[in-house]
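I set out to record what I looked up in one structure, entry by entry.

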Amino acid sequence: MKKIFIATPLDTEIIIPKETTHHLLTVFRHNIAKPIRVSSSDGGTATYRIVDVVEGAARAERIGEVDTTSTGDVEVVLVQAFLKADKLEWILQKTTELNVHTVYAVPMKHCVAQYKADKLPQKVDRWQKIMKEAAQQCGRDQLPQLEVGQSLSDILTAEAKQGTRLLVAYENEASHTLKEALQQDESQRVLIIIGPEGGLSESEVAQMMALGAEVVTLGSTILRAETAAISAVSMLQYELNM
């Protein structure tokens, strides 16, 4: 069953916006006679059938409810340093498919990409669109959260207060593996920090450790930033939720 997200609460009848309708009928090639699964801004999910399409927007009627009760999976959180646009977009798309709960995109010392404040809102809109389309493609019931531009110290302080397990993947760590760090861990939310193309600075790692983050290695080879992010989220999902 095809899956879409809309920004308005669900009702017995909904209007699917033009852009989403186009994506559903043209990109997904959805047969209009078949039901679709719809999730909304208020967290609800239900099945609908499209009744008609007027001026590009679809009108749909609810035909059933969907139970989206939490499975109890551990929430996986990614803190990703700013990367060049295509690399960051790739990470957002693929980690959405890997069921990441939250992504923080943050500036770090060795970031090659420097996003100007006046241009960042447009970037964020595009990134959210990429994550929404990926979530629809893979059939997620909830969109991942995207937070952009917060300071690393603010993020780690707030996450630590929630009881989140804090980890940082560091190329200079040789022995303490991610798997070892997760053994007998009972946290319900685990955060992993991935640096930029230029790597993490020693001062940044020291700051992270001072805020409670544990340094881990992802393996014996040095990974590109985008490879490290996708690998780390995959490893966490495998170890924690499979």
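**Conventions.** I worked on a predicted model, in which local features need pLDDT of at least 70 and side-chain atom pairs count only at pLDDT 80 or more, while totals for chains, interfaces and linings use all residues. I numbered residues from 1 along each chain as its sequence is written, and side-chain values use heavy atoms, with hydrogens and water left out.

**Nonpolar cores.** I took a nonpolar core to be a set of buried Ala, Val, Leu, Ile, Met, Phe, Trp, Tyr and Cys residues joined through side-chain atoms within 4.5 Å. Buried means under 20% relative accessible area, exposed over 50%, and partly exposed in between (1.4 Å probe, protein chains only). The largest core holds 55 residues, and M108 and I192 touch the most other members. I noted that helix 7 (residues 225-241) gives the most to this core, with 7 residues. Helices (H or I, at least four residues) and strands (E, at least two) are DSSP runs, numbered from the N terminus. Which residues does I192 touch, not counting residues up to four places away in sequence? I listed V77, L78, V79, L167, V168, A169, L178, V216, A232 and L236, where contact means heavy atoms within 4.5 Å. I also found a second, separate core of 14 residues, with F28, V38, A58 and A60 among them.

**Helix 4.** I looked up the buried residues of helix 4 (residues 152-161) and found L152, I155, L156 and E159. Seen down the helix axis, these buried residues fall within an arc of 90 degrees, so they line one face of helix 4; the arc is that of the directions from the helix axis to the C-beta atoms. The buried residues of helix 4 pack against strand 6 (75-81), strand 7 (102-106), strand 9 (165-169), strand 10 (189-194) and helix 6 (202-210). Helix 4 is followed by G163, whose phi is positive, near 85 degrees.

**Second largest pocket.** On a 1 Å grid over the protein atoms alone, a pocket is an open set of points where a 1.4 Å probe fits, with protein on both sides within 12 Å along at least five of seven lines; lining residues have an atom within 4 Å of a point. I recorded 24 lining residues for the second largest pocket, of which Y170, E171, I222, L223 and A228 lie nearest its centre. Helix 7 gives the most to this lining, with 3 residues.

**Loop residues.** I placed P35 in the loop between helix 1 (18-27) and strand 3 (36-39). P35 counts as partly exposed, at 25% relative accessibility. The C-alpha atoms of P35 and M1 are separated by 6.9 Å, although the two residues are 34 residues apart along the chain. Not counting residues up to four places away in sequence, P35 touches M1, H30, Y48, R49 and I63.

R29 lies in the loop between helix 1 and strand 3. I noted a positive phi near 55 degrees for R29, a residue other than glycine, and R29 is exposed, with a relative accessible area of 72%.

N99, in the loop between helix 2 (85-97) and strand 7, is not a glycine but has a positive phi of about 70 degrees.
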